[in-house]
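Here is a friendly walk through one model, with an eye on its rings, a helix and a sheet. Please have a look at the structure first.

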Amino acid sequence: MTPFAIELRNVRKSFADFHAVKGISLQIQQGEFFSLLGPSGCGKTTTLRMIAGFEQPTSGEIRLLGKEVSNQPPNRRNVNMVFQNYALFPHMTVFENVAFGLQTKKVPADEIKTRATEVLNAVRLPGMEARKPAQLSGGQQQRVALARALVNRPAVLLLDEPLGALDQKLRKEMQLELKRLQREVGITFIYVTHDQEEALTMSDRICVMHAGEVLQVDEPRALYEHPTSRFAADFIGTTNFLKGSLVSSEGKMATVNVEGLGPIRVEVALSLPAGQSVTLAVRPERLKLAAKAPENEDNQAVGKLSEIVFVGNDTHYFVALSNGVQIMVREQNQGEFPGAPSLEIGQRVYVFWSATSTSLLVD
């Protein structure tokens, strides 16, 4: 059986009375691009630092390729870490920065040249060997930092918000570059970020963390389409929430009563008792808008259009429903105008959506 690249078994980390990580367990496959996602203070960087060996767990086990490494120092673990500030040596050339780790290990000069050249080609920096970090752009400096980590051929590469210092356009370009690079070198990447779009773009799987705990681990699409908690649904993208209670369920379909709106049909994956308090989550792009009541739709609600916001690719419609809850409908702009060009602020509108577009969250 192939061992996991990294396995955490009930790992905890406390700083005096503060519990930064509260008994998390994770299994990360070899060759996987795995992201730890959550807001500041959720424990994701502490978890990464424990894997690297910079922090010792208060309790629990950390395994690297099946071997327990919880008490091993960083230099005894076959992992490398890339930081947000790059930490390049300003007085050294690109080649010298990349070769530094190999030189300290007394790798033969011919092998150093071969490996450094290979990795610089992999990060698309051929011909830059003689430049100093100050002569490089932010994106190029980030690639040098990646090359310096990859040249050591680690079993796992740890990345702590490495794109945080880049502007938005370059950041998006580097997201694709990182995913391409990971796919080509085949090394396990564990990536820490608070940016949900970044995690969705690059990851094979995402671990959502909150207050030192793991809330959900899943593939990007499954995490977005089927969140299992209100926090995950709200943190990953934009979501509309409706509070209600379960009326009945039959097979995979259930009926939920939402106060002020009436019965709402929803697809369910678990059996719940009637009267159970629940929250319905519906993504804005799953909702449709019309001036007249639609026919043959699973769910619909009436309200007043309170705001229209044009944001380039999309138009956001904000609707105050009859029960007082405001929701957002997102429509992609196609052609000259969005899908509902005749709607005006203040008019009565109908919002409708399918049962399969609704996630049911247990309160």
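Predicted model: local features only at pLDDT ≥ 70, side-chain atom pairs only at ≥ 80, totals over all residues.

A residue counts as buried under 20% relative accessible area, as exposed over 50% and as partly exposed in between, using a 1.4 Å probe and protein chains only.

Residues are numbered from 1 along each chain as its sequence is written, and side-chain values use heavy atoms, with hydrogens and water left out.

**Rings**

Rings of Phe, Tyr and Trp (its six-membered ring) pair if their centres lie within 6.5 Å; planes under 30 degrees apart are stacked, over 60 edge-to-face and the rest tilted. The count comes to 5 aromatic pairs, including a tilted one between Phe 33 and Phe 189, 5.5 Å centre to centre with 50° between the planes. Phe 33 belongs to strand β3 (residues 33-37) and Phe 189 to strand β8, so this pair ties together parts 156 residues apart in sequence. Together with Tyr 191, Phe 33 and Phe 189 form one aromatic cluster.

Helices (H or I, at least four residues) and strands (E, at least two) are DSSP runs, numbered from the N terminus. Helix α8 (residues 230-235) holds both Phe 231 and Phe 235, 4 residues apart, or about one turn of the helix. Phe 231 is partly exposed, with a relative accessible area of 23%.

| Charge | Ring | Distance to ring centre |
|---|---|---|
| Arg 148 | Phe 89 | 5.9 Å |
| Arg 230 | Phe 241 | 4.0 Å |

**Helix α4**

Arg 148 is also one of the buried residues of α4. This helix (residues 138-150) has 13 residues, and 12 of its 13 residues are buried. Their cover includes α2 (94-104), α3 (109-122) and β7 (156-160), where contact means heavy atoms within 4.5 Å.

**The sheet**

Two strands pair if DSSP finds at least two bridges between them. An open sheet of 4 strands runs in the order β2-β1-β4-β5, with antiparallel pairing. β2 (18-28) and β5 (67-68) are at the edges with a single partner strand each, so one side of each has no neighbour in the sheet. Strand β1 (residues 6-15) is joined to β4 (residues 59-64) by 5 bridges, and Ile 6 has Leu 64 as its bridge partner in β4.

Technical notes: Expected span 1.5 Å × (residues − 1). Lys NZ or Arg CZ within 6 Å of the ring centre and 35° of its normal.
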